[in-house]
Amino acid sequence: MTHEIILALLCVIGVGLHWQFSLALHTFFLHRYHTHGQFSMSVYWQRFFYILTFLLQGPAFLKPETYRKLHLAHHEFSDTVKDPHSPSNYLIGRTTHKFWEPLFVMMLDTKKIFREIQENKHWISKRYEAKIAIDWKGFETVSNSKEATLLMGALYILLWCLVIPYWILLVFLPIILLNGPLQGAIVNWFGHVKGTRNFETDDNSRNTPCAPLMNGELYQNNHHQFPESPNLGYGPGDFDPIYHLMIRPLLALRIIKLSSKAKRELIAIKWWRANLRKSPSA
Ligand SMILES: [Zn+2]
Ligand SMILES: [Zn+2]
């Protein structure tokens with residue numbers, strides 16, 4: 001019995017770790033690198049992280065180019081009717097307190113928009129030029145094929161069935177199968193609804209206390225103010241695990257290099273923090 005409880009606990013820890021690692025690659029590779037171009041890396045490392053993101057997101061892999069366009073539209077039109085991923089458009093006029101209802105509708109709508117951008121049928125498709133080219137058409141085609149999604153889904157399910165000690169633990173399987181879209185929905189929903197604001201940005205972005213659990217992605221207000229900063233958790237008491245535990249070591253190892261805009265924003269943040277300390281209300 002003790003042995004089975006340990007196995008069940010290991011499964012729960014395994015789900016948590018998979019979630020954290022897939023989110024780490026989501027924010028590091030798809031968001032901070034490919035979308036915002038906060039840093040650069042060699043073609044070799046680019047391919048390494050591309051494959052790692054594909055393996056960790058599995059059947060929920062988000063095509064980098066489509067994700068980039070969708071996310072840049074979120075920044076440019078944040079919390080307006082043109083924002084493809086904003087809770088504001090799902091909360092206006094609603095009286096329900098069940099936040100998961102509009103959240104679920106937003107997820108379904110985002111899936112539809114994502115597909116339309118991917119098929120060049122959405123106005124967002126042609127609006128954004130790439131800052132960083134991922135010139136690997138072969139892998140891009142394979143990783144975005146329906147066959148790859150089905151194969152990865154089957155592999156994930158097979159692995160789960162082989163390792164779980166109790167069938168009840170299959171309740172965690174949807175979290176793993178849908179990790180990419182789920183993370184996007186949680187970040188964009190709670191990061192624009194709940195929390196505090198360091199900056200009076202034009203949108204409803206917020207910083208939430210549980211941001212470190214989402215690898216810093218829930219410091220949305222900080223991020224909307226300085227989108228090119230590789231550190232999202234730069235306010236008092238903030239901690240961005242991806243910046244401190246991944247980006248800084250990779251910079252020290254010279255695997256990645258900060259962009260000039262990222263360097264400028266980090267300096268601007270230093271000034272902001274220094275002024276905050278001088279401020280009597282701080
Ligand atoms: Zn946002
Ligand atoms: Zn962003």
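View 1. With 22 C-beta neighbours inside 10 Å, Gly58 counts as buried, a word used when 20 or more other C-beta atoms lie within 10 Å of a residue's own, whereas 12 or fewer make a residue exposed, anything in between makes it partly exposed, and the C-beta atoms are placed from the backbone. This is a predicted model, in which local features need pLDDT of at least 70 and side-chain atom pairs count only at pLDDT 80 or more, while totals for chains, interfaces and linings use all residues. Residues are numbered from 1 along each chain as its sequence is written, and chains are lettered from A and ligands numbered from 1 in the order in which they are written. Gly58 is found in the loop between helix 2 and helix 3, where helices (H or I, at least four residues) and strands (E, at least two) are DSSP runs numbered from the N terminus. Just after helix 2, Gly58 takes a positive phi of about 55 degrees. Leaving aside neighbours within four places in sequence, Gly58 is in contact with Met152 and Tyr156, contact being defined by C-beta atoms, placed from the backbone, that lie within 7 Å of each other. The C-alpha atoms of Gly58 and Ser259, which are 201 residues apart along the chain, are separated by 29 Å.

**View 2. Helix 2 and the elements that cover it.** Helix 2 has 15 residues and reaches 21 Å from its first C-alpha to its last, which is close to the expected 21 Å, the expected span being 1.5 Å times one less than the number of residues. Which residues of helix 2 are buried? They are Tyr50, Thr53, Phe54, Leu56 and Gln57, and what covers them includes helix 1, helix 6 (137-143) and helix 9.

**View 3. The contact of helix 1 with helix 2.** The two helices pack at an angle of about 140 degrees, with their axes 9 Å apart; axes are lines fitted to C-alpha atoms, for helices over the stretch in contact, and angles run from 0 to 180 degrees between N-to-C directions. Helix 1 passes helix 2 in a left-handed crossing, a term for a near helix turned anticlockwise from the far one by less than a right angle, with clockwise giving a right-handed crossing. From helix 1, the residues Phe21, Ser22, Leu25, His26, Phe29 and Leu30 meet Phe49, Tyr50, Leu52, Thr53, Leu56 and Gln57 of helix 2. By class, this contact has eight nonpolar, four polar and no charged residues, where Ala, Val, Leu, Ile, Met, Phe, Trp, Tyr, Cys and Pro count as nonpolar, Asp, Glu, Lys and Arg as charged, and the others, Gly among them, as polar. Leu25, placed in helix 1, is buried because 23 other C-beta atoms lie within 10 Å. Not counting residues up to four places away in sequence, Leu25 touches Phe49, Leu52, Thr53 and Leu56.

**View 4. The largest nonpolar core.** This core has 36 residues, and those with the most contacts inside it are Phe28, Phe29, Leu70, Met214, Leu218 and Ile242; a nonpolar core is a set of buried Ala, Val, Leu, Ile, Met, Phe, Trp, Tyr and Cys residues joined through C-beta atoms within 7 Å. The helices that each supply at least two residues of this core include helix 1 (2-35), helix 3 (64-76) and helix 11 (241-252). Helix 1 gives the most, with seven residues. In soluble globular proteins, nonpolar side chains tend to be buried together. Leaving out residues up to four places away in sequence, Leu218 touches Val187, Phe190, Gly191, Thr208, Cys210 and Ala211.

**View 5. Two residues with positive phi, Asp79 and Asn215.** Phi of Asp79 is near 60 degrees, a positive value in a residue other than glycine, and Asp79 lies in the loop between helix 3 and helix 4 (88-91). Asn215 also has a positive phi, of about 50 degrees, although it is not a glycine, and Asn215 lies in the loop between helix 9 and helix 10 (220-225). Are these residues buried or partly exposed? Asp79 counts as partly exposed because it has 19 C-beta neighbours inside 10 Å, whereas Asn215, with 28 such neighbours, counts as buried.

Key
Two residues are in contact if their C-beta atoms, placed from the backbone, lie within 7 Å.
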